[in-house]
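Thank you all for coming.

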Amino acid sequence: MQIIVPVIEQVRVARDTYRLRLASPELARAALPGQFFMIRSPGLTNPLLGRPFALYDTYLDDGGNPAGIDVVYLVVGKMTGLMSTWSAGDRVEVWGPLGNGFPTPTAKHLLLVAGGIGNTPFLAVARAARGLRGYAAAAAQKRVDNITFCYGTRSAEYLAGLDDIAPLGVELRLATDDGSRGHHGFVTDLVADWLLKNTPGDDAEQPSHARTSSRPPAAIFCCGPEPMMHAVARLAEQHKVPCWLSLETPMACGFGACFSCVTKVKQPGGGWDYRRVCVEGPIFPAESLAF
Amino acid sequence: MPDLAVTLNRLHLANPVLVASGTFGYAREMAGFVPLARLGGIIPKTITPLPRIGNPPPRTVETASGLLNSIGLDNDGLDAFIEKHLDYLLGLGTAVIANIAGHDRDEFLRMAERLGRCQGLAGLELNISCPNVSGGVDFGVDPEMTASVVRGVREVCGLPLVAKLTPNVTDITAIAQAAAQAGADAVTIANTFQGMSIDWRQRRPILGNVVGGLSGPAIKPIVLRMVWQVARKVPVPIIAVGGIDGIDDVLEYLVAGASAVQIGTANFYNPSLAGMLIDQLDQALASAGCQNVREIVGTLQIPQR
Ligand SMILES: Cc1cc2nc3c(=O)[nH]c(=O)nc-3n(C[C@H](O)[C@H](O)[C@H](O)COP(=O)(O)OP(=O)(O)OC[C@H]3O[C@@H](n4cnc5c(N)ncnc54)[C@H](O)[C@@H]3O)c2cc1C
Ligand SMILES: Cc1cc2nc3c(=O)[nH]c(=O)nc-3n(C[C@H](O)[C@H](O)[C@H](O)COP(=O)(O)O)c2cc1C
Ligand code: FES
């Protein structure tokens, strides 16, 4: 669906980071956590292409019906710089929702891992998993017992949306490169620590809670810069925890026509093939990717 | 309602708005945006004899009002095209023009022969101009090689033939002339312009393939000039493609001498455009007082000073 929609509001949520609210019941009714939208300024040729942005969340009208979508973005270049000048009433071109979205969690404990602006998909993921909101016509349903959110940025002033996600009963574990808040170091350190304490080691007995239930004890959903996702994928593999990665590959169309957004995906017979992230992803099981 | 049908020698189209190879996937990807049956024609992504993995990413980068790409003809090869995509395409109710590229003349001929035997294709576009495939011969820069491929394909394949030309030549009229004399029903002007993009801070090229092809609104004036030059000099129908962003661009190309147009990069950033242009063309022609689209083709007047 390609439509032109009005900006409802633009709110600064962290350093160089804004939440853009767009009115569109159609988009809001269709979107799943982990899906994305292409956004551009209609009629402009510089910037020319749409840019992909994850669904941050739907927003509801007074009657509780989906009324529009929020995206949260970090200003890094031409389009995001232009977006930061938009204000209420400006008209924006959007197509979507696009991509596959995160799978419905089947684990007891969901570990969400974000680096930088990779935090954006996780508010809706947490709300859905907690059973607080239904997406794309599905009824709200509680899926997991616990959610831990490991989130790292360069420094404290870039941490965005903590006030949105914390009230959902999500345990926050923060890291900053400069130590200005939380762990002084990488978010992957937090992930390693959590996995060590919460999953059986390679040669351990099955833990008691796994024996009494068919649900796997934990699963990881991760989004951020590629080296960080690679590290998280390795940790997940070591601890035998299923892990999904949401890739931030640059895109020109978002719907499969241009073949520019490719990543290496392992093939059944061995080796790899370039696959389009916008239609086969952006979310992939970590073990399916050939980094 | 003006008559939109156009005839380019043996190629008959319900209207002159087509979509360009490599910018429309295999049409499935666009079904949610464009009423496919209304298009004048669909040209799917270039097919090569064998699967090609394509170039390493990044494969595209935006430039001022343009797009540089080095996709590298990523495709699953001719067999997969026939098995996976052809039936779907032929069921869409519009003209489908397959686009092929070979490394040598023989590869072009073998693919053309095979596709010529597939019932239902409206024509064949020969991509003798892709700038992103190293190692292959660049037929499109040489009039004799262009003629040799076109002539050879005509002998083995009964489909209407379109030669897609590269703009990366000194004199595109010479190539168009060669293609026409060898039996091309039409020429497509043009493929992308070679270019590059650099991240100077890191002293690195941005594209994985170092260089790529420039498309989008930035190239339109240059392609318009080429269309006009060929139209004046060579008696061959022209399909214009380069930077079309709206209905005025379509009419400019028609006035310059093109019989039909293709929408390319705009399919990425305005995916419903191609479908809307057909209605807009209808209105624009009606308001210009034209009974049919042929009346406006090649009507450029140069004021005498
Ligand atoms: C599925 C998906 C979801 C996304 N969701 C969000 C989101 O919710 N919020 C958000 O802020 N961003 C998100 N992104 C990234 C966002 O699309 C880019 O930041 C945006 O395209 C930059 O546009 P620009 O014109 O401002 O930058 P440009 O001027 O195009 O580029 C500026 C600089 O950023 C680099 N760059 C551009 N795109 C990317 C990229 N995708 N990854 C790494 N570097 C890049 C360029 O190389 C350049 O150095 C997402 C990307 C994908 C693929
Ligand atoms: C991403 C991309 C991929 C393309 N792939 C092909 C291709 O496979 N075969 C081909 O003949 N032309 C290909 N082209 C060229 C277009 O068909 C067209 O000739 C060119 O982009 C100019 O038109 P435009 O400015 O409207 O895009 C490609 C262009 C782009 C941008
Ligand atoms: S962004 Fe165009 S195919 Fe994925």
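Let me begin with chain A, where 48% of the 291 residues count as buried; a residue is buried if 20 or more other C-beta atoms lie within 10 Å of its own, exposed if 12 or fewer, and partly exposed in between, with the C-beta atoms placed from the backbone. Please keep in mind that this is a predicted model, in which local features need pLDDT of at least 70 and side-chain atom pairs count only at pLDDT 80 or more, while totals for chains, interfaces and linings use all residues. Residues are numbered from 1 along each chain as its sequence is written, and chains are lettered from A and ligands numbered from 1 in the order in which they are written.

Staying with the overall form, the C-alpha atoms of chain A fill a box of roughly 60 × 45 × 40 Å along the principal axes. Its radius of gyration is 19 Å, which agrees with the value near 19 Å that a compact globule of 291 residues would have; the radius is taken over C-alpha atoms, and the globule rule is 2.2 Å times the number of residues to the power 0.38. The secondary structure of chain A comes to 8 helices and 16 strands, where helices (H or I, at least four residues) and strands (E, at least two) are DSSP runs numbered from the N terminus.

How is chain A divided? There is a domain 1 (2-98) and a domain 2 (109-248), with bounds that come from an automatic or database domain assignment. The centres of these two domains of chain A, taken over C-alpha atoms, are separated by 25 Å. Across the boundary, 18 residues of domain 1 of chain A are in contact with 17 residues of domain 2 of chain A, contact meaning that the C-beta atoms, placed from the backbone, lie within 7 Å. On the domain 1 side, strand 1 (2-14), helix 1 (25-30), strand 5 (57-60) and strand 6 of chain A each give two or more residues, and strand 6 of chain A gives the most, with 3 residues. By class, that side has 12 nonpolar, 3 polar and 3 charged residues; here Ala, Val, Leu, Ile, Met, Phe, Trp, Tyr, Cys and Pro count as nonpolar, Asp, Glu, Lys and Arg as charged, and the others, Gly among them, as polar.

Ligand 1 brings us back to both of these domains, since the shell around it draws at least three residues from each of domain 1 and domain 2 of chain A. Of the 23 residues around ligand 1, Tyr73(A), Gly77(A), Met79(A), Thr80(A) and Thr120(A) come nearest, and a residue is counted as near if its C-beta atom, placed from the backbone, lies within 6 Å. The elements giving two or more residues to this shell are strand 4 (51-54), strand 6 (66-74) and helix 2 (78-83) of chain A. By class, the shell around ligand 1 divides into 15 nonpolar, 5 polar and 3 charged residues.

Which chains surround ligand 2? Residues from chains A and B do, so the site is shared between chains. There are 26 residues around ligand 2, the closest being Ala20(B), Gly22(B), Ser215(B), Gly264(B) and Thr265(B), and the shell has 9 nonpolar, 15 polar and 2 charged residues. As for the two chains themselves, 20 residues of chain A are in contact with 28 residues of chain B, and the chain A side of that contact divides into 13 nonpolar, 6 polar and 1 charged.

In helix 3 (residues 122-129) of chain A, 8 of its 8 residues are buried, and what covers them includes strand 5, strand 8 (109-115), strand 9 (146-153), helix 4 (162-165) and strand 12 (218-223) of chain A. Helix 4 (residues 172-181) of chain B has 7 of its 10 residues buried, so this helix is largely enclosed by the rest of the structure. Its cover includes helix 3 (143-156), strand 9 (161-165), strand 10 (186-189) and helix 5 (220-233) of chain B, and just after helix 4 of chain B, Gly183(B) takes a positive phi of about 115 degrees.

I will end with Ser70(B), found in the loop between strand 6 (66-69) and helix 1 (77-90) of chain B. Is Ser70(B) buried or exposed? Ser70(B) counts as buried, because 27 C-beta neighbours lie inside 10 Å.
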